[in-house]
Amino acid sequence: MAITRGFTGRRRGRDPRLPPGQYDAGRDWPVLNAEATPRLGTDRWTFTIEGLVEKPVSWTWAEIQALPRSRYEGAIHCVTTWSKFDMTFDGVSVDTLLDAVDLAESAAYVMATSHTGYTTNLPLEDVTGGKAWVVWDVDGAPLTAEHGGPARLLVPHLYFWKSAKWVSGLRIMASDEQGFWERNGYHDRGDPWLEQRYQGD
Ligand SMILES: Nc1nc2c(c(=O)[nH]1)N[C@H]1C(S)=C(S)[C@@H](COP(=O)(O)O)O[C@H]1N2
Ligand SMILES: [Mo]
């Protein structure tokens, strides 16, 4: 009798790393900009934490490069339904940056800002505790301008519109204010596992 080999009867299930309503984009990495891609040299790039802090702090490119490095390895999820797995981003943890300022007691939200004027709001809790980075390398190479280089915010546990490209800083706030996409109908928090895509989700 022939023995049937190579068939286990198991179906390939949905990847458990894929949040609801998302698909695996594989090797593709779409570029999504609301604005034109700026040509921003590292000589003109700065990062500033301001708002509800005792004293605002700014870093130049050289200064931020001198901080302890931190890596994120994992997935990113865009609200337009693509996800990408096994990405490696290098930069600095937002925790390290926040260590340099004294936050007001009322600090509870941040507005991430870009050198282009793009903004996106986040609860302070979503950018602390090892959950957010300012990154400049992806998979071992510098971020291209299209993907936010010289540096972008990375908040991979939320939809990718929260990861402001060409990031210029964080404004610390006591109450939530809406950024660019949030004013245009997207969710204030954007947790992909809860499918918080639009206002009201
Ligand atoms: N400055 C800026 N940052 C941005 C955006 C943007 O339009 N401008 N788009 C957001 C959205 S909607 C997504 S999905 C990701 C896209 O990043 P990518 O182009 O590297 O894939 O960047 C986010 N950060
Ligand atoms: Mo997006």
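The structure is a predicted model, and the mean pLDDT of the chain is 95, with 94% of its residues reaching 70 or more. Among the elements of the chain, the lowest mean pLDDT, 96, belongs to strand 1 (residues 23–24), whereas strand 10 (residues 152–154) has the highest, 99.

Turning to the strands, five of them form an open sheet with mixed pairing, in the order 3-2-11-6-7. Strand 3 (57–60) and strand 7 (119–123) are the edge strands, each pairing on one side only, and neighbouring strands of this sheet are turned by 15 degrees against each other on average, direction ignored. Within the sheet, strand 6 (residues 109–114) and strand 11 (residues 167–173) run antiparallel and are joined by six bridges; Thr113 stands opposite Gly169 in strand 11.

The ligand comes next. Ligand 1 is surrounded by 21 residues, of which the closest are Pro30, Ala34, His147, Arg152 and Lys165. Polar contacts to ligand 1 involve both side-chain and backbone atoms: a polar side-chain atom of Trp29 lies 3.0 Å from one of the ligand's oxygen atoms, a polar backbone atom of Pro30 is 2.7 Å from an oxygen atom of ligand 1, and a backbone N or O atom of Ser163 lies 3.1 Å from a nitrogen atom of ligand 1. Of the 530 Å² of accessible area that ligand 1 has on its own, the protein covers 98%.

Conventions
Residues numbered from 1 in each chain as written. Chains lettered and ligands numbered in written order. Predicted model: local features only at pLDDT ≥ 70, side-chain atom pairs only at ≥ 80, totals over all residues. Heavy atoms only, no water. Pairing = 2+ DSSP bridges. Helix = DSSP H or I, 4+ residues; strand = E, 2+ residues; numbered from the N terminus. Axes fitted to C-alpha atoms, helices over the stretch in contact; angles between N-to-C directions. pLDDT = per-residue confidence, 0-100. Near = heavy atom within 4 Å. Polar contact = N/O pair within 3.5 Å; in protein donor to acceptor, adjacent residues only side chain to side chain. Areas by Shrake-Rupley, 256 points an atom, 1.4 Å probe, with all protein chains shown as cover.
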